[in-house]
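User: I am new to this structure and would like to learn how to read its features one at a time. Could you take me through them, giving the general idea before the particular case?

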Amino acid sequence: TAAAALTEDAPCCWLCLEEGPDSSGQPLVRDCSCRGTSGFAHLSCMITNARHHGRQAVEDDGPYFELSTCFESCPNCKQLYQDNLHYEMLKSLIAFVDEEFEDMEHRHLQVCSRRDTIRNVDVEKEEDRSKGEAMVTKMLSVMEQLKNYDHWTMGDIKLEVSVYNAISNFYYRIETEESLNKSKSYEEMARDLFRKVGDEGGAIVAERNIAAAEVKLSGDESKLDTIFNLDCLRERYENLLEELGETDTITIDAGVTFARRLADECHAIEAERLLTKLVATSRRVHGPDHSCTVYATSTFQNWCSVRGVVVKGEGDRIFEALRYENDGEMCVVEGPFLADGTRNRSEDRTLTVPSTDIIPAPGMPVICIGLEGGEAHLNGKHGETRAFSRENDTFVFHIYFEEKDLEPAKIEPKNLRIIFELPPPE
């Protein structure tokens with residue numbers, strides 16, 4: 001959830017064990033995956049604790065990840081902090097590194113901490129944009145110092161690439177002509193370094209980001225869908241599954257974005273199965289009120305929970321199909337939806353109509369019934385409506401099946417039934 005203020009039955013700070021606000025008047029906060037009464041703390045106590053363990057991580061000569069984890073992740077639930085709390089802890093990481101590690105041996109920490117923080121800057125706020133610009137200047141300056149100080153290794157080149165990518169992302173989100181040109185320029189620098197070290201996969205990703213900036217500059221953002229297409233989003237999600245695991249919030253968010261595109265392109269069954277899994281995983285690991293769970297749940301409700309249909313005699317208005325009755329002969333529908341996709345519940349009508357009088361919307365999970373002859377093997381098979389056409393004056397749907405070895409087929413509405421609840425995958 002958003003950083004939660006103390007309420008009547010809220011617990012004490014798990015670090016100082018004091019109830020109520022700290023000495024500066026700041027309340028208890030919690031924005032991780034802790035539940036119940038655990039995980040609440042004062043921000044000042046969290047920063048003090050992170051600095052103590054972060055100092056130990058550096059003294060033990062551990063990798064940067066061990067230092068950043070002290071500031072970015074809750075020591076109790078082991079999950080990343082979220083939203084404003086995450087940003088506040090990242091800013092405290094920068095302050096800690098600048099104060100504690102000025103020597104050249106540790107100067108790269110100043111770059112890494114700013115690289116991670118700039119990704120979380122709220123570019124809508126002028127003050128934060130100014131802080132982001134200062135981070136850019138500092139990162140570039142320190143990298144030049146490091147290049148002059150020692151031999152620039154492969155690890156250093158990877159750091160440089162990640163910095164260019166973070167800077168590009170920062171400017172891309174500002175969305176002015178000047179910032180988009182800067183975004184494109186830094187992404188081109190990242191692409192050239194990827195090619196220099198033989199990372200063609202990284203170069204392809206950079207090319208996509210360059211193309212996205214060019215599309216934004218052109219003003220025709222509809223072309224973004226062709227850049228960050230279904231295959232691109234699938235690849236990103238699968239890579240994050242391998243790198244971070246299925247319970248990481250970054251993986252879950254990427255999965256939701258991928259599922260939304262699946263639903264957009266009428267891959268209804270895959271989208272619904274994926275969102276069902278993501279919601280269950282996020283609720284189990286992060287809790288029902290976590291921002292990641294809320295995002296996954298709202299996406300499922302908006303994109304997969306409604307079975308939209310057109311009803312014969314009701315024009316082109318969309319109704320919600322609720323259930324079948326009389327062994328599937330009749331269908332109960334409710335609506336209609338308004339032109340903007342909302343519902344006026346006070347004016348909703350509930351109709352019971354013949355099942356042959358409803359036409360499923362594109363991207364609807366369906367099951368085939370009553371087919372004969374050469375199509376009889378498709379009876380009982382699950383698929384989704386992707387398109388429709390007229391064949392010899394007969395209206396037919398183009399059905400793509402969940403079983404990948406089945407070829408798409410053109411099926412009349414009378415031989416289709418909506419699947420209101422997907423069965424477990426075979």
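Analyst: Let us begin with strand pairing, where two strands count as paired if DSSP finds at least two bridges between them, and where helices (H or I, at least four residues) and strands (E, at least two) are DSSP runs numbered from the N terminus. Here strand S5 (residues 330-335) and S6 pair in the antiparallel sense over six bridges, and Met330 has Pro354 in S6 as its bridge partner. This is a predicted model, in which local features need pLDDT of at least 70 and side-chain atom pairs count only at pLDDT 80 or more, while totals for chains, interfaces and linings use all residues. Residues are numbered from 1 along each chain as its sequence is written, and side-chain values use heavy atoms, with hydrogens and water left out.

User: What is the order of the strands in the open sheet, and which are the edge strands?

Analyst: The open sheet has five strands in the order S6-S5-S4-S3-S7, with antiparallel pairing. Strand S6 (349-354) and strand S7 (358-360) are the edge strands, each pairing on one side only.

User: How should I read a nonpolar core, and which residues touch the most other members of the largest one?

Analyst: In soluble globular proteins, nonpolar side chains tend to be buried together. A nonpolar core is a set of buried Ala, Val, Leu, Ile, Met, Phe, Trp, Tyr and Cys residues joined through side-chain atoms within 4.5 Å, and buried means under 20% relative accessible area, exposed over 50%, partly exposed in between (1.4 Å probe, protein chains only). The largest core has 55 residues, of which Leu67, Phe71 and Ile118 touch the most other members, and helix H6 (residues 154-174) gives the most to this core, with nine residues. A second, separate core of 22 residues includes Leu351, Val353, Phe401 and Ala409.

User: Is Lys216 buried or exposed, and which residues does Lys216 touch?

Analyst: Lys216, found in helix H8 (residues 200-218), is buried, with a relative accessible area of 14%. Taking contact as heavy atoms within 4.5 Å, and not counting residues up to four places away in sequence, Lys216 touches Tyr172, Glu175, Leu180, Glu221 and Leu224.
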